[in-house]
Amino acid sequence: MKLKYVTFEVEGRGRIGVVEGERVIDLAAAYTSYLATEKKLPRPEEEANRVLPPSMLSFLWKGDEGIAAAETTVKHVKSRRFDVLGAVFPLNRVKLKAPIPRPGKMVCVGLNYEDYRKILGIEKSDYPMFFFKPSSTVI
């Protein structure tokens, strides 16, 4: 399942979610719903925040466990026709943020600059060009 992960802000809170059409699913809130209704866990919010933390970097560190929980969450929300209180928001009512707001470093590969290279008259390299961007460029 391909998901469009986002970092977003709603009601003053930073969250991670998935864009589905014109909606954003708050992963931790929707997973809490799944754990409470389907798995009947006594403290679903604690488990949801452990598996689907509110920061993208923490989520990415979860690896397969986080991705599997995100996929389960989206299936749960779709099965309820997006009717999960406090977990589904219209895309135009949230503020999308940089996916990772404060990255440690950004290593870039200049593979999509072919036209620019030709304009500058730079010879084509046999190897891709790597460059760094400061984290202050993330807005």
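I count as a surface patch a set of residues with over 30% relative accessible area and no salt bridge, nonpolar side chains being joined within 5 Å. The model I am reading is predicted.

**Entry: surface patch**

I looked for nonpolar side chains on the outside. Y113, Y116, I119, L120, I122 and M129 form such a patch. Together they expose about 650 Å² of accessible area. I then checked M129. M129 sits in the loop between α5 (114-120) and β7 (130-133). Its relative accessible area is 47%, so I list M129 as partly exposed.

**Entry: nonpolar cores**

Next I went inside. The largest nonpolar core holds 22 residues. I25, Y31, L52 and V77 have the most contacts inside it. Two or more residues come from each of β2 (13-20), α1 (27-37), α2 (44-51), α3 (56-62) and α4 (64-79). Helix α1 gives the most, with five residues.

Leaving out residues up to four places away in sequence, V77 touches I25, A30, F82, V84 and V88. I also noted a second, separate core of seven residues. F8, V10, V19 and V24 are among them.

**Entry: salt bridges**

I searched the whole structure and got seven salt bridges. Side chains of opposite charge can pair when their charged atoms come close.

R15 with D26: the closest N and O atoms are 2.9 Å apart. R15 is in strand β2 and D26 in strand β3 (residues 23-26), so the pair links distant parts of the chain, eleven residues apart. Are the two partners buried or exposed? R15 is buried at 10% relative accessible area. D26 is buried too, at 1%.

K78 with E20: I read 3.4 Å from N to O. This pair also links distant parts of the chain, with K78 in helix α4 and E20 in strand β2, 58 residues apart. K78 is partly exposed at 40% relative accessibility. E20, at 18%, counts as buried, because the cut-off for buried is under 20%.

R50 with E47: the closest N and O atoms are 2.9 Å apart. Both are in helix α2, and because they are three residues apart, about one helical turn separates them. R50 is partly exposed at 38% relative accessibility. E47 is partly exposed as well, at 27%. I traced the partners onward: salt bridges that share partners join E47, R50 and E65 into one network.

Key: Residues are numbered from 1 along each chain as its sequence is written. This is a predicted model: local features need pLDDT of at least 70, side-chain atom pairs count only at pLDDT 80 or more; totals for chains, interfaces and linings use all residues. Side-chain values use heavy atoms; hydrogens and water are left out. Patches are made of residues with over 30% relative accessible area and no salt bridge: like charges are joined within 9 Å, nonpolar side chains (Val, Leu, Ile, Met, Phe, Trp, Tyr) within 5 Å. Accessible areas come from the Shrake-Rupley method with a 1.4 Å probe; for residues, only the protein chains shown count as cover. A salt bridge is a side-chain nitrogen of Lys or Arg within 4 Å of a carboxyl oxygen of Asp or Glu. Helices (H or I, at least four residues) and strands (E, at least two) are DSSP runs, numbered from the N terminus. Buried means under 20% relative accessible area, exposed over 50%, partly exposed in between (1.4 Å probe, protein chains only). A nonpolar core is a set of buried Ala, Val, Leu, Ile, Met, Phe, Trp, Tyr and Cys residues joined through side-chain atoms within 4.5 Å. Contact means heavy atoms within 4.5 Å.
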